[in-house]
Amino acid sequence: MRGAAGHAFVVSLLVLLSAAIPLFSLPSEKSIWEYDRRVWQVPEGLPEDTIQAITQTRGGYLWIGTRNGLVRFDGFSFVTFDESSTPAFHDDSVLALYATHAGDLWIGTEGGGLIRYSNGSFEYYGAARGLTNGFVRAICEDNSGNLLVGTDGGLFRLSENRFVRMDGHNGLPLISVHALARDRQGRLWIGGSGFYVEAGGKVRTIALGSSAGSQQIKSILESRDGTIWVGTVSGLYRLKDGVIAHTPVDRAVEADICEDQSGNVWVGWVGGGLSRIHDGKFVTYRAPAILPGNTVLSIFEDSGQNLWIGTENGLLRLSYTGVSILERKDGLSLGNASTIYENVSTIYAAPDGTLWIANGHLYRIVDQHIVRYYLPPQIQHAKVRMVYEDRHGVLWIGTGGQGVIALRHGRATEYTTREGLTNDFIRAFCEDRAGNLWIGTDGGVSRWDGKAFQNFNTSNGLVYPSVRAIVKGANGSLWIATDGGLSLFRNGSFVHNPVLRQLQGYRIWAIHQGEDAPGVLWLGTRGNGLFRLKDGRLAHYTAQSGLPNENIYQILQDHRGNLWMSSPGGVFRVQIKSLDDVAAGKAKLLAVTVYRVSEGLPVTETNGGVQPAGTSTRSGTLWFPTYKGAIRIEPDELRSSRPGQALIEKVVADGRLIPLRDSCSIQPGDGRLEIYYNAPSLLAPERTRFKYKLAGFDKQWTYASSRRIAYYTNLPPGQYQFRVRAFDNRGAKESSEADFSFTWEAHFYQTAWFYSLCGLSLAMLGWAAYRMHLARTKARFAAILAERTRLAREIHDTIIQGCIGVSTLLEAADSFDHSLPQIVLDLLDRARAQIRQTLNEARESVWNLRHSGLEDGGMAPALLRELQQLSKETGVPVESEVRGTPAPLESQVQINLLLVAREAMRNAIAHANPHRVLVRLCFAKDRLSLEVSDDGCGFDPQANSSVDHQHYGIMGMRERIEQLGGQFELFSSLGEGTHVLARVPLRGTVAHPSSPVRP
């Protein structure tokens with residue numbers, strides 16, 4: 001054992017400790033270092049770095065006025081509106097922004113007049129609406145909700161959608177207005193080229209000071225205590241209870257003065273940075289430590305209590321998240337600029353509340369001050385890894401290679417392997433119930449009983465020599481975590497059981513014994529997630545269970561039943577109930593909250609492997625070591641970063657922008673639909689996730705991660721409802737939902753009436769085709785029937801009648817006696833004549849079927865040849881006459897007329913015994929007449945019908961003429977001869993001139 005003592009050393013050590021200089025103060029109000037700081041500039045998407053105005057509308061969007069246009073920010077991306085993209089803009093420089101309670105946004109420009117943004121569209125207000133000056137610098141509402149606009153050329157009120165000038169009346173002189181504010185009493189404060197207050201219709205002038213600059217007003221604010229803050233060219237003034245006071249900072253105020261929810265008043269200066277006023281105390285922050293630029297032009301606190309600072313060099317967001325860090329700027333150094341040790345290895349909370357921080361050197365925080373703790377000179381070379389205070393007040397310091405150091409009443413004692421320590425690289429301390437100190441090292445564990453060390457290694461039952469953590473268990477037992485598993489020391493020896501064997505080979509770096517359930521042990525591993533040991537059973541949690549990282553360096557518990565774990569990927573929080581539910585099979589995934597940059601964590605990688613790699617104080621504050629400093633988390637002050645209200649920004653159908661209104665009807669197109677949705681989150685937009693569903697098309701929800709557009713193609717016509725839900729990626733329930741209903745109209749060829757019309761047309765076409773087919777079938781049947789009837793008539797009138805006559809003659813000849821041969825011979829001659837006649841009639845029937853006598857000139861020549869042949873055979877004179885101009889006729893017409901004429905001539909010669917027969921053809925304009933007359937004996941048509949005589953000649957002639965659409969008449973009487981008249985219309989029977997007459 002080596003000691004170092006001496007009166008001089010003790011005196012010097014006491015002097016050092018008593019004279020420790022505070023390096024960092026934690027004030028009762030929030031320190032600026034407790035705010036998460038983030039800056040956006042042109043590379044991040046801003047059109048310009050000079051931020052002149054900021055406000056927030058009801059939907060959650062942040063609106064930013066720059067010199068190069070108006071910018072809408074949802075926390076995720078910027079959208080710029082300017083002259084090139086928005087016709088309502090006549091100038092790109094935005095000087096003022098105001099969001100009304102109705103949800104409208106008013107935009108004041110530098111020379112381009114006033115613009116209103118409402119329901120997704122911009123509307124310009126200029127001289128035509130009564131606003132005679134286009135330099136708009138201030139906007140607000142009066143008690144009645146009327147819009148007031150301050151310009152370089154006066155104050156205007158909007159009345160019935162037209163502006164009326166207010167200055168120059170009721171005691172208010174003609175002025176330029178740069179600032180407007182309405183206080184809780186309903187008074188209107190007006191600032192510009194003078195300072196005025198209007199109440200009850202009366203205007204009063206207020207003089208802030210004697211200098212000209214004090215009357216050049218730039219900003220006005222009423223704080224919650226009733227103080228009126230006025231920023232002028234010559235500084236900041238405040239009015240309360242009729243008393244005007246000038247603040248000590250003598251610098252021009254350019255920005256809108258802002259009061260946050262905590263009661264801090266923030267003031268931006270021209271070239272002087274940003275000041276925070278709290279309880280009358282000024283604290284000023286400058287670039288580059290806090291601000292991107294020292295000229296502050298605008299200040300605004302959003303609904304989530306984020307403070308937005310617009311400067312000449314970019315946009316700054318200050319967000320209090322309950323997470324802060326102590327780093328180099330806070331005193332974590334040697335005081336020597338060339339040697340900085342921010343890489344904090346452990347943080348330890350002593351029984352008396354002192355917080356110790358080790359980063360190679362030693363610091364402590366007492367009474368809200370962080371001070372350097374100087375070791376005695378002979379051990380100042382030691383690299384401090386961790387610190388531990390036992391029940392006797394002895395401070396034990398673990399080092400990286402120099403063993404342990406015990407500080408007792410200002411006296412330092414070193415213990416190394418020479419004094420019996422198992423290894424000089426220290427990783428953990430723990431005091432058992434008997435007061436023995438257990439020291440975990442890289443090479444085993446040592447127990448110090450106040451006199452000597454007793455070492456334990458694998459030879460004694462330790463599962464693995466590399467020790468990472470030691471925790472007291474029940475009944476005096478100790479849990480020892482190693483790089484090869486977990487060991488349990490109880491009643492003087494190591495216990496081996498099946499549960500511990502299951503953990504062999506796992507690198508266990510953290511142990512936490514449940515505060516509300518002492519029998520539950522939580523084990524954090526390096527690379528294998530989390531284990532829970534409860535009632536002799538293990539539950540295992542990995543990335544599949546929802547752990548964001550399977551490397552766990554430390555496990556702490558807060559008073560709300562949450563476990564906090566540090567890892568290389570940051571700090572995350574898990575509800576113990578959620579862990580129990582997953583272990584019991586009641587849930588599949590853990591409810592996890594990960595803390596990264598969004599919550600103010602400057603780094604995501606914490607340190608571990610040496611205990612305690614994090615600690616909790618009596619007040620519930622959590623501390624974790626990182627390579628950049630010590631992280632402090634206030635669980636009770638953590639802000640939620642839930643997504644904003646889900647909303648639908650725009651709908652584009654086939655390249656056309658669709659207005660967002662209820663029961664929207666979209667005209668037909670190509671079936672391409674784009675729906676842009678959002679859920680503004682100005683603190684942690686990367687946590688926002690979406691899922692959407694198009695009711696009427698989608699069968700299930702589509703998870704879209706952070707994407708904010710839904711695409712649909714080939715969308716059929718119909719009624720749809722698009723629904724989108726925004727939720728947090730920590731597995732929380734949906735926070736909000738938006739929907740949009742619309743009707744996708746159909747092309748005319750997609751409508752029901754078109755389909756019905758097509759069906760009806762097809763049915764009608766089918767019916768017409770059927771009718772045509774039926775008509776053609778009937779026509780064919782009628783033609784066949786007519787032909788069969790004609791053949792039957794021809795056969796009956798010729799062959800059958802001839803055969804009957806021959807049969808009768810033969811039977812008669814056979815009935816006579818052979819003694820009368822002459823009579824028999826006459827009968828046979830007559831039979832032969834009848835046979836010849838029958839054969840001739842049969843030939844004529846064949847001629848009727850295949851007649852080609854019209855091919856050489858038409859009907860008249862054919863009729864002439866027929867008359868000559870008939871006259872030659874019978875010896876009866878047959879004359880013919882043609883009147884009019886012959887017209888070309890269809891072959892079928894000619895044939896039928898020729899057959900009718902032939903039949904009429906044969907009947908006359910065969911039955912009337914005429915002396916002459918006359919055949920006449922008369923061609924008129926619209927009809928053709930055929931007349932056949934004879935001077936024979938004649939007959940009585942009524943008494944000699946064809947049916948009675950079983951002869952169809954007259955009937956056949958009539959049918960032929962009627963088939964041609966003509967008229968058939970027969971006139972005859974006894975002794976007066978016979979006259980046959982047939983009339984046929986020429987319309988429809990005349991052959992086409994360009995077509996040859998068919999035979």
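1. Asp483 is counted as buried because its relative accessibility is 14%, where buried means under 20% relative accessible area, exposed over 50% and partly exposed in between, with a 1.4 Å probe and protein chains only. Its side chain meets that of Arg427 in a salt bridge (4.0 Å, N to O); a salt bridge is a side-chain nitrogen of Lys or Arg within 4 Å of a carboxyl oxygen of Asp or Glu. The pair links distant parts of the chain, 56 residues apart: Asp483 is in the loop between strand 45 (478–482) and strand 46 (485–490), and Arg427 is in strand 40 (residues 426–431). Helices (H or I, at least four residues) and strands (E, at least two) are DSSP runs, numbered from the N terminus. Arg427 also counts as buried, at 10% relative accessibility.

2. The model is predicted: local features need pLDDT of at least 70, side-chain atom pairs count only at pLDDT 80 or more, and totals for chains, interfaces and linings use all residues. Residues are numbered from 1 along each chain as its sequence is written, and side-chain values use heavy atoms, with hydrogens and water left out.

3. Arg427, Asp442, Arg468, Asp483 and Arg507 are linked in a network of salt bridges. For the salt bridges, the count comes to 27.

4. The side chain of Trp509 makes a polar contact of 3.0 Å with the side chain of Asp483. A polar contact is a pair of N or O atoms within 3.5 Å; within protein, one must be able to donate a hydrogen and the other to accept it, and residues adjacent in sequence count only if both atoms are side-chain atoms. Trp509 is found in strand 48 (residues 508–513) and counts as buried, at 7% relative accessibility. Not counting residues up to four places away in sequence, Trp509 touches residues including Arg468, Asp483, Arg526, Tyr553 and Gln611, contact meaning heavy atoms within 4.5 Å. Trp509 and Arg468 are 41 residues apart in sequence, and their C-alpha atoms are 5.2 Å apart in space.

5. Asp142 and Arg157 meet through their side chains at 3.3 Å, N to O. Asp142 lies in the loop between strand 12 (136–141) and strand 13 (147–151) and Arg157 in strand 14 (residues 154–159), so the pair ties together parts that are 15 residues apart in sequence. Asp142 is buried, with a relative accessible area of 12%, whereas Arg157 is partly exposed at 29%. In the other bridge, the closest N and O atoms of Asp167 and Arg165 are 2.6 Å apart. Asp167 is buried, with a relative accessible area of 1%, and Arg165 is partly exposed at 33% relative accessibility.

6. Asn264 sits in the loop between strand 24 (258–259) and strand 25 (265–269), and it counts as buried at 3% relative accessibility. A polar contact of 2.9 Å joins the side chains of Asn264 and His278. Neighbours within four places in sequence aside, Asn264 is in contact with Tyr35, Cys258, Glu259, Arg276, Ile277 and His278.

7. The largest nonpolar core has 33 residues, and those with the most contacts inside it are Leu863, Leu897, Met905, Val917, Val919 and Leu930. Such a core is a set of buried Ala, Val, Leu, Ile, Met, Phe, Trp, Tyr and Cys residues joined through side-chain atoms within 4.5 Å. Elements that each supply at least two residues of this core include helix 6 (859–874), helix 7 (891–911), strand 69 (917–923) and strand 70 (927–934). Helix 7 gives the largest share, nine residues. Another core, of 31 residues, lies apart from it, with Ala358, Leu375, Val404 and Ile426 among them.

8. Leu760 is found in helix 4 (residues 752–815) and counts as partly exposed, at 48% relative accessibility.

9. As to the whole chain, its secondary structure comes to eight helices and 72 strands. Buried residues make up 50% of its 999 residues. Among contacts between residues at least 6 apart in sequence, 52% join residues at least 24 apart.
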